[in-house]
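Below is a briefing on a two-chain model, arranged by topic. The sequence and coordinates come before the notes.

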Amino acid sequence: MAGRAVSAWVSDDVAEAVTLEARRENRSPAQLAAQAVRFFMALPREARASVNALDNLGTLDQRRAALNEVARALNNAEFEMTCQRMAPHSLELMPDGMSDEELDAEAVRLTKAALKRGA
Amino acid sequence: MQRRSVSRRPLSNVELDLPVHRVIRLCVDLNVWVRYLRASVRPSERKTASQAIVEAVQAGCCTTGAIQVVVSHTMLSRLEDVLVRLGYGPGDASAFCSNIGTMSRRGPAGVAPHVVLGGGVASTAEARMPIYNPYDPSVVPPRADDEDGRVLDTAIAGRAHILATFNFKDFQSPNAAVIEPGRMQVYRAANHRVAIVHADTCAEFLRTGKLPSADVHPTSGHTL
């Protein structure tokens, strides 16, 4: 892949964490670092400023809470993406033309039937 | 036969163990997640109950306060099984359930999915119906399947305040005081109470902060 090298100094802790995660994900540390840089640069300027403010002024708990919110937002985005991918089949199982009450009852019936099938 | 006393006063949130200004712990039955998958196909202006519930879980809050989803590994693996058996791709089913687990871990109380001992294989005695007694009209025939017991076990183990389900009738039990027939009952375990609530009623609660406060129904075996 064409590109340029960007180097950065990090603490031993961060370097160790990068190496460990890269091995866990079967990637090189450079690939992991590249993804981190891409993600950071994809953030809006004000979000990067907030990261810097938290890094420089925030307590450990404040930084942890902020990262938890980021993790939650990313998880929710993935969840919605997954639901959209599953949508065509959801529509096959519960087609248009049913009322909300009928769809509620159908969800119960489908869930029970699927559980019984595995019993 | 001994007459049962019937409470005639409205239930308050305190009696239901609902926290004020604290995190409300919500256990969501499998059928609500399945219903959400269909509801998310075409988001309309009028939110369905499953959308209101799942969106509150995702946001970790609602107008009432902070919301923490309560879930167990058993529930997640059963939900994954259900989705695969319904024909969804295994990868998607796995990702869907994994995301729910993360919602739990990243929720306001940061609760990891529970390991419910005794509830993973079959529902515990506490969540199961007692032996049928033909002379006691409050004892109804046993439930058809153990799955509801497992969900109830999770709700009790996770100290959930509310269990939301579309399958309300299968949770009927003599250990539960009916607040509003078909809509809400309070299940009493040894050291915890959980409000079993129809998903529509739960969605209304998330929107308004109000739960039904009707009299305890006379057919229930317990007063609060």
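Chain B contains six helices and six strands, where helices (H or I, at least four residues) and strands (E, at least two) are DSSP runs, numbered from the N terminus. This is a predicted model, in which local features need pLDDT of at least 70, side-chain atom pairs count only at pLDDT 80 or more, and totals for chains, interfaces and linings use all residues. Residues are numbered from 1 along each chain as its sequence is written, while chains are lettered from A and ligands numbered from 1 in the order in which they are written.

**Chain B overall**

- The order of elements along the sequence of chain B is β-α-α-β-α-α-α-β-β-β-β-α.
- Chain B has 224 residues, and 48% of them count as buried; a residue is buried if 20 or more other C-beta atoms lie within 10 Å of its own, exposed if 12 or fewer, and partly exposed in between, with C-beta atoms placed from the backbone.
- Among contacts in chain B with a separation of 6 or more, 72% join residues 24 or more positions apart; two residues are in contact if their C-beta atoms, placed from the backbone, lie within 7 Å.

- Helix α2(B), residues 49–59, is mostly covered, with eight of its 11 residues buried.
- The buried residues of α2(B) are B:Ala49, B:Ser50, B:Ala52, B:Ile53, B:Val54, B:Ala56, B:Val57 and B:Gln58.
- In α3(B), the buried residues are B:Thr74, B:Met75, B:Leu76, B:Arg78, B:Leu79, B:Glu80, B:Val82 and B:Leu83.
- B:Gly87 follows α3(B) and has a positive phi, near 100°.

**Packing of α3(B) on α4(B)**

- Helices α3(B), residues 73–85, and α4(B), residues 90–105, pack at an angle of about 150° with their axes 9 Å apart; axes are lines fitted to C-alpha atoms, for helices over the stretch in contact, and angles run from 0 to 180 degrees between N-to-C directions.
- The two helices, α3(B) and α4(B), are therefore roughly antiparallel; angles under 35 degrees count as roughly parallel, over 145 as roughly antiparallel, 65 to 115 as roughly perpendicular and the rest as oblique.
- On the α3(B) side the contact is made by B:Leu76, B:Leu79, B:Glu80, B:Leu83 and B:Val84, and on the α4(B) side by B:Pro90, B:Ala93, B:Ser94, B:Phe96, B:Cys97, B:Ile100 and B:Gly101.
- By class, the contact of α3(B) with α4(B) has nine nonpolar, two polar and one charged residue; Ala, Val, Leu, Ile, Met, Phe, Trp, Tyr, Cys and Pro count as nonpolar, Asp, Glu, Lys and Arg as charged, and the others, Gly among them, as polar.
- B:Cys97 lies in helix α4 of chain B and counts as buried, with 24 C-beta neighbours inside 10 Å.
- Apart from neighbours within four places in sequence, B:Cys97 is in contact with B:Leu76, B:Leu79 and B:Glu80.
- The C-alpha atoms of B:Cys97 and B:Val54 are 13 Å apart, at a sequence separation of 43 residues.

**Contact between the chains**

- In the interface, 29 residues of chain B are in contact with 28 residues of chain A.
- On the chain B side, α1 (30–39), α3 and α4 are the elements that give two or more residues.
- That side of chain B consists of 11 nonpolar, nine polar and nine charged residues.
- Helix α5(A), residues 100–117, packs on α3(B) at an angle of about 95°, with the axes 9 Å apart, and the pair is therefore roughly perpendicular.
- A:Thr111, A:Ala114, A:Leu115 and A:Arg117 of α5(A) meet B:Arg78, B:Val82 and B:Arg85 of α3(B).
- The residues of the contact of α5(A) with α3(B) comprise three nonpolar, one polar and three charged.

- Most residues other than glycine have a negative phi.
- A:Asn26 has a positive phi, near 55°; A:Asn26 sits in the loop between α1 (12–24) and α2 (29–42) of chain A and is exposed, with 7 other C-beta atoms within 10 Å.
- B:Arg159 has a positive phi, near 50°; B:Arg159 is in the loop between α5 (147–157) and β3 (162–165) of chain B and counts as partly exposed, with 17 C-beta neighbours inside 10 Å.
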